[in-house]
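Okay, thanks for coming, everyone. Have a look at the model on the screen, and I'll talk you through a few bits of it.

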Amino acid sequence: MDYKSSLIQDGNPMENLEKQLICPICLEMFTKPVVILPCQHNLCRKCANDIFQAANPYWTNRGSSVSMSGGRFRCPSCRHEVIMDRHGVYGLQRNLLVENIIDIYKQECSSRPLQKGSHPMCKEHEDEKINIYCLTCEVPTCSMCKVFGAHQACEVAPLQSVFQGQKTELSNCISMLVAGNDRMQTIITQLEDSSRVTTENSHQVKEELSQKFDTLYAILDEKKSELLQRITQEQEEKLSFIEALIQQYREQLDKSTKLVETAIQSLDEPGGATFLLSAKQLIQSIVEASKGCQLGKTEQGFENMDYFTLDLEHIADTLRAINFGIEEDEEEFIEEEEAQEEEVSTEEKEEGHQ
């Protein structure tokens with residue numbers, strides 16, 4: 001595919017043009033490009049010189065006193081063998097058209113902001129910039145490492161393309177992480193809402209429970225007051241009856257005491273006539289007074305209050321059994337226990353009959 005057709009097919013002509021201006025050795029834009037005859041492929045002069053020097057280690061440049069006829073090396077693009085004259089790389093023709101295209105391209109891209117920071121250099125080749133990426137070893141390296149160094153057999157790619165790919169991947173990872181953070185924040189918000197609602201619901205059911213128990217307390221207090229009132233009423237009635245009897249007996253006792261004193265005085269009377277005038281009436285009064293011992297009495301067990309005793313054991317058991325409801329698992333467990341107890345009881349009865 002020629003230059004023109006590739007530009008037409010590509011959707012972004014500037015990006016495609018930049019690809020056409022990349023040196024196959026350093027993978028950067030051509031610097032002082034030369035033409036390698038007869039294959040017509042372009043190389044940077046420095047890259048061509050590095051390849052030529054590596055292929056012809058005994059060849060010296062024009063400033064040396066030693067002069068050789070020339071040398072040869074293979075084109076890195078098509079592997080065509082290029083035969084050099086005694087001028088070496090400096091005898092190759094410059095590609096002015098490519099140089100002009102590069103100048104126009106740089107002018108067109110001059111509005112792009114410059115990247116700050118120093119360019120890292122290769123540790124193995126201190127004068128070489130790290131400008132390519134080894135796909136095999138997954139490390140950035142320089143073009144000399146690819147041509148002569150540890151990455152000769154490795155697959156490499158332009159550093160910028162790998163940079164853009166990694167940058168895009170990192171951006172996608174960041175987006176994915178941010179989305180995950182958003183989901184976690186949503187979950188945290190939901191959990192916080194759940195915590196708040198749980199607290200509110202707990203407070204509500206506590207209030208309801210307290211109200212129900214307060215109602216029970218009120219019922220118990222009311223019933224307690226009612227029963228105490230009944231006991232008090234019974235107590236007052238019995239005490240009133242007893243006090244009335246005591247009063248009657250005291251009055252009768254006073255009368256009897258006075259009658260005894262009068263009778264004793266009558267016995268001291270020396271005159272018979274005088275004694276007889278009062279004796280018959282006195283004897284009749286004593287007989288009537290003796291009948292006063294037949295006043296009412298309390299029956300046996302009158303003071304007993306045992307019939308006010310309450311049997312609250314079943315109510316206490318009911319209160320102790322107050323719960324929020326039996327869970328299904330607990331209910332099943334209770335049913336299983338009851339079934340086992342019935343089986344044991346049945347077996348014991350059968351053994352007893354035997």
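Predicted model: local features only at pLDDT ≥ 70, side-chain atom pairs only at ≥ 80, totals over all residues.

Numbering starts from 1 along each chain as its sequence is written, and side-chain values use heavy atoms, with hydrogens and water left out.

Back to the pair. H6 covers residues 159-267 and H7 covers residues 272-290, and they pack at about 155° with axes 10 Å apart. The axes are lines fitted to C-alpha atoms over the stretch in contact, with angles from 0 to 180 degrees between N-to-C directions. That makes the two helices roughly antiparallel, a label for angles over 145 degrees. The touching residues include Leu 259 and Ala 263 of H6, and Phe 275 and Leu 282 of H7; contact here is heavy atoms within 4.5 Å. By type, the residues of this contact split into 7 nonpolar, 6 polar and no charged. Nonpolar is Ala, Val, Leu, Ile, Met, Phe, Trp, Tyr, Cys and Pro, charged is Asp, Glu, Lys and Arg, and polar is the others, Gly among them.

Zooming out, there are 9 helices and 8 strands, taken as DSSP runs: H or I of at least four residues for helices, E of at least two for strands. Buried residues, so under 20% relative accessible area with a 1.4 Å probe and protein chains only, make up 20% of the 354 residues.

Now, which residues touch the most other members of the largest nonpolar core? They're Leu 21, Cys 23, Leu 43 and Met 84, in a core of 25 residues. A core, by the way, is a set of buried Ala, Val, Leu, Ile, Met, Phe, Trp, Tyr and Cys residues joined through side-chain atoms within 4.5 Å. Strands S1, S2 and S4 and helices H3 and H4 each supply at least two residues of this core, and H3 gives the largest share, 4 residues. Apart from it lies another core of 5 residues, Ile 130 and Met 144 among them.

Last stop, Asp 50, in helix H3. Beyond its neighbours within four places in sequence, Asp 50 contacts Glu 128, Met 144 and Phe 148. Its C-alpha is 9.2 Å from that of Val 147, 97 residues apart along the chain.

Note on methods: Parallel < 35°, antiparallel > 145°, perpendicular 65-115°, else oblique. Buried < 20%, exposed > 50% of the residue type's maximum accessible area, 1.4 Å probe, protein only.
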